[in-house]
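Biologist: Can you walk me through this one? I'd like to start with the overall picture and then go to helix packing and salt bridges.

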Amino acid sequence: MQQASTSSTTPLPRRGHIIVIGNEKGGSGKTTTTMHLMVALLRLGFKVGSMDIDARQRSLTRYLENRKNTMTKENSPLPCPHHLIITKSPFTNNFEAEEDERERFTRGLAKLLVSCDFVLIDAPGNDTYLARLAHSYADTVITPVNDSFVDLDVLGTINGMSMEVERPSIYSEMLWEQKLQRARRDGGSIDWVVMRNRLSNIDARNKRLITKVMDELAKRLGFRQAPGFSERVIYRELFLLGLTVLDVLETTKAGTLSMSHLAARQEVRELLKSLRIPAIERRVLELRADNSDPITAPRIAPAPPPAPKAQAPATPASAAPSLAETAA
C-alpha cells in the first residue's frame, strides 16, 4: 500500500528551534526530560511551545494538566508553554491517515514556530508516522536511554561476547532516514544527542563496559553524548503536581529546598550546556553577567496557559479542520 512520505514542500517559518525528545523504548525518561528542559527554557526568558504526539499515553499533556491544577490550588503563577496535541488520524487507509496527520502536524508546528523561540516535541515510545515526521523536522534530537545494555539495544545490536557493535537498531536507521528527509526538504541538519539517564555513581564493571560501547556507538552512528538525570525519587514525585526541580521556591507543594533538589538542578544545567545551542549559551552568559542564577527564578511574567486541546483529526466524511480552528 502506498505510504505518505515524511518530506513536505510546505515551507515553515524557522524562527523557533525544534527539539524532539525521542526513543522507541518506553520508560527512558522522555517526558521528565521534556518537562525539565521546557521549564528551564521558560525561566531563561524564552517563549516555548510544546507538542504531544503520543496518542495513547499523553504523558506530557497530563504533566501540564497537573501543573495547571497546582497553579490554581496554590494560586501560584508558574511559567508554562503554549501546548498542542496532535492526535492519531481516524482514517483506516494508510495513505489517507498519514496525509491527514502530516497536514495537522505541519499546521500546528507552523503556528508555534511563528511565536516561539523553542518548540519541544514529546515523541511516543514506539514507531508511528507522527514520530517519524517529528524527527524529520527536528533541529536537535534528544534520546534519553537508561544506563543498561537492555536500553542500549534501541541504538544498536551489541555482540554479547566481543562487546562490539554489529549493526544499527531500527530506531537509529529511522533517524538516519529522517536526517536525509530534512536535508532534502530545506538543507538543514539534525544534531543527535544521547543522554544517559539513571547513571549509577558506583564505578562498576558493567558501567565501564556501557561507557565503552556508548563511545563506539557514538562514533558509528554520529551522535553526541550528554549527561542525563540520576535515579532520584524527586523526579517521579513531582509529576503528580506538574512541577519540576526548578519550581520548588514558587509553591509549597514541592517541599523545601534539599540537597537532592540542588543536585537535580545541576543536572538540568549540565543538560542545557551539553546541547550547545547558541541562543541558550548567549542567554546564560547574559544572566551570569548580572549575577543571576539562570534557571531558578522566572525571567518573564508567567501566565496560566489555556487548557490543552487536541488537534482533532479529520473524519472520512469531512475535510480536516485547521489547527487555528481547533486549538486556538
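Modeller: A definition comes before the overall picture: a residue counts as buried when its relative accessible area is under 20%. This is a predicted model, and buried residues make up 52% of the 328 residues in the protein chain.

Biologist: How many helices and strands does the protein chain have?

Modeller: Eleven helices and ten strands.

Biologist: And the contacts in the chain, what share comes from residues 24 or more positions apart?

Modeller: Among contacts with a separation of 6 or more, 78% are between residues 24 or more positions apart.

Biologist: Helices next. At what angle do H1 and H2 pack?

Modeller: About 50 degrees, with the axes 9 Å apart; H1 covers residues 30–43 and H2 residues 59–74. The two helices are therefore oblique to each other.

Biologist: Left-handed or right-handed crossing?

Modeller: H1 passes H2 in a right-handed crossing.

Biologist: Which residues meet there, H1 against H2?

Modeller: From H1 there are Thr31, Thr34, Met35, His36, Met38 and Val39, and from H2 Ser59, Leu60, Tyr63, Leu64 and Arg67. By class, the contact of H1 with H2 has six nonpolar residues, four polar and one charged.

Biologist: What about H1 and H9, how do they pack?

Modeller: H9 spans residues 259–275, and H1 packs with H9 at an angle of about 80 degrees, the axes being 10 Å apart. That makes H1 roughly perpendicular to H9.

Biologist: Which residues of H1 and H9 meet?

Modeller: Thr33, His36, Leu37, Ala40 and Leu41 of H1 meet Val268, Leu271, Leu272 and Leu275 of H9. The contact of H1 with H9 divides into seven nonpolar and two polar residues, with no charged ones. His36 of H1 is listed in the contact with H2 and also in the contact with H9.

Biologist: Changing topic. How many salt bridges does the count come to?

Modeller: Twelve. The background is that side chains of opposite charge can pair when their charged atoms come close.

Biologist: Which residues are linked in a network of salt bridges?

Modeller: Arg43, Arg67 and Asp247.

Biologist: What does Arg182 pair with?

Modeller: Asp186, with 2.8 Å from N to O. Both are in helix H6, residues 170–186, and being four residues apart, they are separated by about one helical turn.

Biologist: Accessibility for Arg224, buried or exposed?

Modeller: Arg224 is buried, with a relative accessible area of 17%. Asp191 is partly exposed, at 25%.

Biologist: One more. What does Asp127 form a salt bridge with?

Modeller: With Arg132, where the closest N and O atoms are 3.1 Å apart. Asp127 is partly exposed, with a relative accessible area of 44%.

Technical notes
Residues numbered from 1 in each chain as written. Predicted model: local features only at pLDDT ≥ 70, side-chain atom pairs only at ≥ 80, totals over all residues. Heavy atoms only, no water. Axes fitted to C-alpha atoms, helices over the stretch in contact; angles between N-to-C directions. Parallel < 35°, antiparallel > 145°, perpendicular 65-115°, else oblique. Left-handed = near helix turned anticlockwise from the far one by under 90°. Contact = heavy atoms within 4.5 Å. Nonpolar A, V, L, I, M, F, W, Y, C, P; charged D, E, K, R; others polar. Salt bridge = Lys/Arg side-chain N within 4 Å of Asp/Glu carboxyl O. Buried < 20%, exposed > 50% of the residue type's maximum accessible area, 1.4 Å probe, protein only.
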